[in-house]
Amino acid sequence: MAKQKDRQIFIDGARLKRLRRENGLSQEALADACERQHLRISIATIKRAETNKAVTLRTLHNLAQFFSVPSDELLLHKEQHDLAEGMALLQNRLSVVAVIKVTDIRQKVDIQLQLDELAPLFVKQHGAYVIAAFSQYASYPDSASAGNTRAHILFLLHKMFTEQSVSLLSPSFCLMTLMQLEHDGISYKLSNSEISRLLDYALNVPPNTVVVGDQLKFLYDLQFDFSPLQPNQSGWWVIDGPTRNDERQIPLYGRDKELIRLQQQFDVSLKDQKLTLNCLAGDSGMGKTRMLDEMSAHAESLGMQVIRFDAEQHETDWRVLLTSRLEHWQPETLTEDTDVLAATLENMPDGLAILIDNIHVCVSDALDQLAELSEVLRGFPVVAVISSTFRYSDRVIRILNPDSFIALSRLTLAECEKLAGHFKHHSREWLQQSIARSNGVPFYLNLLLEQVDPESQQMPGSIQLVLEEQLFSLSFGEQQAMQYLALAGVSLPPDVLYILAGRSDLKTLRQSQLVRATSDGQLEIANRLIRELVVASLKDEDKPELHNQLAAEVERAMLDGKLSEQTPARDRLRMEWLYRQFKSAENYFRAVIYQARYANLLIAADSYSEAEAQLLEARDLLEIAAQPKHCTKGKYTPEQCQDIKLDVLFYLANVYKMRYGWYSPVINDVYAEILELCDSTKSYHRKVNGLFRIWTIALMRLDIPEAIGYAQEALQLSEQLEDSACKMQALTALGNTCFWAGRAEEAFRHSALALEQYDPSMLESALEIEGQDPRMIAWCFKCLSALQLQDEQAEVYLQDMINTSREVGHMFSLAIALQAGAWFYWKQRDLSKTLEYATELETLTEENSFPFYQGIAALFKGWAEYQLNPDEQHIMTIATGYQRWLSSTGFRLTQSLYAALIGDVLISNGQVDEALNVLEEAIGVAEQQGTNCYLPELYYLMSRTVADNSFVASEWIQKARLHFSCTPQQQSLFN
């Protein structure tokens, strides 16, 4: 039997914690209650059991007996424990994710072979990019050892790329960061939103560099030298080369001024041979005891004797207590009339430091005794430092009248980061979480940082005990208020909290250190750790209803205008909060309503990456909301879900267009879903909009007949609906297509007719739904085709468009207008104006994350700068712009313009063979697909590649002039 009792087993920690909290017990209280029933269980054993660590069989039986449940109900078999632990590791694997871009075909093949040797967890191709995920360490063939060697993947990838040859026209780079992989039971993967975010980051990586995220830089700043990717900004770092620095000792952060003030009091006491009484005040966890430790060490360094007391343990006469502690220095000869304490102090050679912790727990009589003792100490070199909480410091100051009062505040974020920076064995993400959880309280932060297991989210037991004692002192209504505040995760108005807490008096709660008032008079939980503890005390089955009550009450207050002032930023936060609360309440229909509103506000704020993530989640959530059980519970219909789904899909398509231009790898599926849903719900006005969008995809693929078919179908449907806005969209699509097909006259006619359909009432809804001024595209092609037809009003059309876009103030619409300006003056060979508009477009797109137009800006800027100052770096600007455009819009539609621009500068730079390769490929694609708008330009550039053969050159010029798409403006330039 003895062996069986000692056998190690595992207890279901979550079940044990629920039982404990259902009985209103802290871990300490449970241990005491078990002791009273003669069931020997320590606090440490309870902590081990609740964290699924091995305990004895006797512990299992004792706990089951205490809670009156079968032992099997608490037992977690070792196999289940191993399986659960294994699945957790499988589903939450931290890995190094690399975004790799190599444009040279031979280098790309070589790097892919090297990547395969490093055993990636997954590899995925995205256009010119390769996204691969690796374990943090990998084995690789080592010729020196004739075997395999293990090394961190960062070293291996850095080595791989630094050994590649640098190419001007075929740049390569690697971006690395730490990310959490998901596992679907078959393979590892990253979500679409995470991949999109990585590709966004990759757009800003300079060619021929290796860039890492904050986490990898933080872990390896002793092995490499880093420089910030963007000046004066953190987040991404360029590896400059290997290095090694010495590690530093961890100092005490954030208390320099306080330490100096106390040390000065020591100097005064020793110099003037008198008592200095100092009060150190701060809330729980602010480091009062640590400061006393520092003062103890400082006193010893001065040769002083140090006496320490804790007022929680000593409530006897202070004079008697001090005299007994100083017995060693008492004179050998004392008379009955001698003051023993005074004689002892006179006999001490180097002064005395008295350090008393937790003085606030003393009753007034004990403080009076200490005040009397201080009168005896006045004439001796004694430094007394006492600590108190802020709440009772007024009483301490009134009775003791200290010489100095020093308040300890929370550590600043910078001070927390300095402290956390010494814990290299933790990930940066985990350190940041610890800083946020501690809320700047040194005691909490140190305990969190000192945890052995960096993956553990378990609250240190010492913190838990302190907080639970405060929570259990509250009334039932105040505990309810704490529950709602914890679930809210934000501050709440007192009126809302009063209703939720059953109209309870919250006086004691307000006076506690558990909550604090915000600047606008709301209440919030004072510390993230307190919130975690309160949330953990709630039953999982009770949380949905509490979330629903909370969200509904805040929603009512918002509709009644009882919340604080409305601002765009506050509106976004409020919509996001309501969506998350209703989702946690399993009220999915209302959750999606607010999530869609939140995403729409993000779009309005140009936060496209975050909007995309929200909309993808909303689309998935609607599938759950449409289930019969949820429809019945929420009192809505599946048809209402379909209507919201169309909003979500159009918002999502809008985000893809904003982020990636007119084409992205997933946008085709979204539009196909939109058209199908429009037909099934008979939403014909929305179908016109969908046809207009899917037309863009056909155009990007250079399928001119299909694009014209979509545009004509949209025009026919809009005429049946007698809808001017829909008709405007269809005519815009036809004008655009005709322009690319090289039919300038038709492009001008359709674009002009489109603009005639415009009504000012269209603008607001177009900006919201389509994300741009509905006139801009039609206006753009009217201007460009007018220039080609040598219309005298062409430049007037252009300036009207640009001025109007500035007045509207919509950034994406302005980007369309500025790209038209750069194109217009490039056609006229006006270098200064081309550069002016391209530079403004570049600044605008960098600030607003429009990679499509950022690429356009680079093309025209590189061309103009080369004409003004021939330099290969400007050729690199064009090449980089093309790569950026390629990654977001697709290859074929942009190739002709790129070929025309880079072909021109390559010929001028003497790189005729390179120019010939680019031009021949572009001409072949354009002739095959029927995209004729740039063919005359490309033919003319071919004549420049054979300048030494006037006969062949003249044939190319003649071919350009005779092509049906050659416009009068081009005729005048081709000589």
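Predicted model: local features only at pLDDT ≥ 70, side-chain atom pairs only at ≥ 80, totals over all residues.
1. Let's start where two helices touch. Ile 704, Ala 707, Ile 708, Ala 711, Gln 712, Ala 714, Leu 715, Ser 718 and Glu 719 of α34 are in contact with Cys 726, Lys 727, Ala 730, Leu 731, Ala 733, Leu 734 and Thr 737 of α35.

2. Two packed helices are described by the angle between their axes and the distance between the axes. Here, helix α34 (residues 704–721) packs against helix α35 (residues 724–740) at an angle of about 160°, and the axes are 8 Å apart. Angles over 145 degrees count as roughly antiparallel, so α34 is roughly antiparallel to α35. The crossing of α34 past α35 is left-handed.

3. On to the charged side chains. How many salt bridges does a search of the whole structure find? The count is 26. One of them joins the side chains of Arg 15 and Glu 73, with 2.2 Å from N to O. Arg 15 belongs to helix α2 (residues 13–22) and Glu 73 to helix α6 (residues 71–74), so this pair ties together parts that are 58 residues apart in sequence. Glu 73 is partly exposed, at 33% relative accessibility.

4. Glu 795 and Lys 833 also form a salt bridge, and their closest N and O atoms are 3.6 Å apart. Because Glu 795 sits in helix α39 (residues 794–808) and Lys 833 in helix α41 (residues 831–848), the pair ties together parts that are 38 residues apart in sequence. Both ends are partly exposed: Glu 795 has a relative accessible area of 33%, and Lys 833 has one of 30%.

5. The cut-off for buried is under 20% relative accessible area.

6. Which residues are linked in a network of salt bridges? They are Arg 619, Glu 623, Lys 645 and Glu 673.

Key:
Residues numbered from 1 in each chain as written. Heavy atoms only, no water. Salt bridge = Lys/Arg side-chain N within 4 Å of Asp/Glu carboxyl O. Helix = DSSP H or I, 4+ residues; strand = E, 2+ residues; numbered from the N terminus. Buried < 20%, exposed > 50% of the residue type's maximum accessible area, 1.4 Å probe, protein only. Axes fitted to C-alpha atoms, helices over the stretch in contact; angles between N-to-C directions. Parallel < 35°, antiparallel > 145°, perpendicular 65-115°, else oblique. Left-handed = near helix turned anticlockwise from the far one by under 90°. Contact = heavy atoms within 4.5 Å.
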